[in-house]
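Dear colleague,

Please read the notes with the structure open beside you.

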Amino acid sequence: MSTNCGNDGDGGGDRQVHCQIEMSKILGSKDLTPVITAKNTTDTITNQKVSNIATVQLPDRGSWSSKLDFILSVVGLAIGLGNVWRFPYLCYKNGGGAFILPYIITLFLAGIPMFFMELALGQMLTIGGLGVFKIAPIFKGIGYAAAVMSCWMNVYYIVILAWAVFYFFMSMRSDVPWRTCNNWWNTVNCVNQYERKNLICWDKIINGTANKFCTVATSNISSTELTDPVKEFWQRRALQISSGIDEIGSIRWELAGTLLLVWILCYFCIWKGVKWTGKVVYFTALFPYVLLTILLIRGITLPGALEGIKFYIIPNFSKLSHSEVWIDAVTQIFFSYGLGLGTLVALGSYNKFTNNVYKDALIVCTVNSSTSMFAGFVIFSVIGFMAHEQQRPVAEVAASGPGLAFLVYPSAVLQLPGSPMWSCLFFFMLLLIGLDSQFCTMEGFITAIIDEWPQLLRKRKEIFIAIVCLLSYLVGLTCITQGGMYIFQILDSYAVSGFCLLWLIFFECVSISWCYGVDRFYDGIKDMIGYYPTVWWKFCWCVTTPLICLGVFFFNIVQWTPIKYLDYNYPWWAHVFGWLTALSSMLYIPAYMIWLWKRTPGELCDKIRSIVRIEEDIPRLREKMQREAIAKEIDAASL
């Protein structure tokens with residue numbers, strides 16, 4: 001929460017006097033001398049409180065040290081694992097270069113407008129994701145829903161980074177351990193993909209169907225039963241996966257160690273506030289580009305790389321008639337831009353009020369989408385090489401998500417000279433790309449909670465962050481048990497799914513554009529940047545973005561099918577648990593609306609004016625919020 005007492009440029013004594021004067025104005029003190037000197041103990045009780053607050057102030061919220069700190073932090077948030085392992089695959093799956101068309105259309109109709117709105121909203125009100133809904137109080141449930149969804153995101157997303165760190169450490173040896181089938185975790189059916197052409201195989205007719213059999217270690221087995229060392233390392237060494245979610249098994253202590261390491265890194269990236277975070281992102285946001293460039297240079301020099309890139313970029317416009325293509329474009333943009341979680345609001349809230357947030361939003365959106373396309377060339381050059389070496393079509397090799405990171409790429413490095421080095425580079429890149437997304441999401445959650453209860457938590461911020469990290473780590477241990485992959489997929493498919501995100505973003509957009517009023521919001525933007533942005537964003541906020549969110553949300557619900565992990569079908573109670581995790585965030589919005597409506601006194605029109613469409617414009621709302629912030633400091637000092 002920002003007050004006139006907490007500007008970074010003020011000296012300690014000047015700021016103290018300024019605080020006292022502001023509070024004496026609010027409390028109606030006509031004689032400012034006792035307030036400034038803070039020595040007269042015979043003043044009224046009110047002036048005693050003011051004197052107390054002069055010496056016992058809440059710590060400042062903090063602010064970005066420079067504009068570049070802010071931009072790199074937002075770039076670090078927006079550019080995550082989805083840019084590397086999901087966008088390239090969606091391009092291939094949905095018509096190659098043709099997918100760029102729905103992607104760009106959706107970007108301008110919904111992605112950039114919401115990205116701009118969230119950054120502007122945080123900067124405009126200088127408060128986190130819960131406090132900003134003073135602009136439309138009945139929608140404060142959005143802030144709580146975003147906080148719950150952020151908790152789920154923090155628990156499951158960091159597990160991927162723990163896997164990456166495990167692979168990174170396992171690669172630091174003379175050769176990668178997933179090259180051969182001679183390890184204790186391998187089965188008799190294990191045959192390297194690159195050596196299968198040397199097997200003796202034949203076709204055998206069974207029940208009128210031709211089946212391919214091969215001789216492996218003096219045994220004849222069906223080709224469908226063959227596995228490879230990369231897959232067995234992932235399933236039988238890294239995960240040691242159980243047979244199902246009802247067999248959780250024991251904790252994988254190696255992964256518990258890497259998970260703890262990543263949580264410690266995350267804690268020390270944000271524990272000192274945004275001034276410290278702004279320095280960390282200089283490395284975590286920029287160095288992955290160095291690694292991506294190195295991997296691209298190596299990738300395009302490999303045989304078969306051109307075939308992989310062709311699959312990535314050659315357009316197949318017939319795919320555009322399929323609704324899934326447009327759905328994939330929407331969900332990819334919303335997830336990759338970090339929308340709906342309150343994180344952008346929090347990062348924007350640490351800006352100066354006059355910062356040109358409009359220009360910043362356009363810069364970051366351009367960088368984010370360009371990075372996604374750049375990463376596609378890196379990934380598909382390697383996939384093309386892998387298909388060439390295995391003499392298989394690219395379509396059979398291409399994958400997304402964990403399958404790309406922990407199966408396809410580790411298999412590809414087997415054919416590269418210096419395999420351990422390329423493996424270390426790749427997994428170190430994954431760690432950095434995911435780490436800044438993780439700790440920026442954490443920063444959004446922490447900011448929202450501390451700004452809501454500053455008198456209780458701001459002085460104890462470092463302890464509060466440590467408690468959140470510890471609790472998140474303990475909950476995350478369920479995802480690194482032997483049955484943890486099944487829990488991980490439940491959280492991925494339900495708790496932080498596309499329909500949860502669309503639900504939040506729809507109400508967020510409606511609360512600003514329709515309830516508070518898009519014209520008054522535009523006036524607030526003009527107060528910040530000095531001019532009105534193009535009217536296009538008004539049109540998007542009022543029409544296209546809500547309609548896209550609503551349409552895709554209902555399409556996802558109608559087309560919903562129970563999730564599977566490979567060939568494993570989840571029991572009914574696992575799906576019930578999944579839906580409960582989804583509803584744990586979604587229900588906050590209608591529940592808070594009903595609660596606040598019943599709690600607010602007055603007739604219908606009075607309620608609408610006080611909690612749905614408030615009368616204050618942005619300057620008056622900021623002034624009101626500053627008075628409330630000072631009042632909280634007075635209460636904190638009087639305890």
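Thr-545 is found in helix H24, which covers residues 536-558; helices here are DSSP runs of H or I with at least four residues, numbered from the N terminus. The model is a predicted one, in which local features need pLDDT of at least 70 and side-chain atom pairs count only at pLDDT 80 or more, whereas totals for chains, interfaces and linings use all residues. Residues are numbered from 1 along each chain as its sequence is written, and side-chain values use heavy atoms, with hydrogens and water left out.

With a relative accessible area of 0%, Thr-545 is buried (buried means under 20% relative accessible area, exposed over 50%, and partly exposed in between, with a 1.4 Å probe and protein chains only). Leaving aside residues up to four places away in sequence, Thr-545 touches Leu-109, Ala-110, Pro-113, Met-114, Cys-509 and Cys-540, where contact means heavy atoms within 4.5 Å.

How many disulfides does the rule give? The count comes to one disulfide, the rule being a pair of cysteine sulfur atoms within 2.5 Å. In general, such a link is a covalent bond between the sulfur atoms of two cysteines. Here Cys-181 and Cys-190 form the disulfide, with their sulfur atoms 2.0 Å apart, and the link of Cys-181 and Cys-190 is left-handed, with -65° about the S-S bond. Cys-181 is partly exposed at a relative accessible area of 23%, while Cys-190 counts as buried at 8%.

Cys-269, by contrast, is in no disulfide, and the nearest cysteine sulfur, that of Cys-266, is 6.5 Å away; Cys-269 counts as buried at 8% relative accessibility. Cys-509, which is among the residues that Thr-545 touches, is in no disulfide either, the nearest cysteine sulfur being that of Cys-549 at 6.8 Å, and Cys-509 counts as buried at 0% relative accessibility.

Two backbone angles may also deserve a look as you go through the model. Most residues other than glycine have a negative phi. Thr-126, although it is not a glycine, has a positive phi of about 55°; Thr-126 is found in the loop between helix H7 (100-125) and helix H8 (141-171), and counts as buried at 10% relative accessibility. Gln-240 is not a glycine and has a positive phi of about 50°; Gln-240 lies in the loop between helix H9 (229-238) and helix H10 (253-270), and counts as partly exposed at 23% relative accessibility.

Key:
Helices (H or I, at least four residues) and strands (E, at least two) are DSSP runs, numbered from the N terminus.
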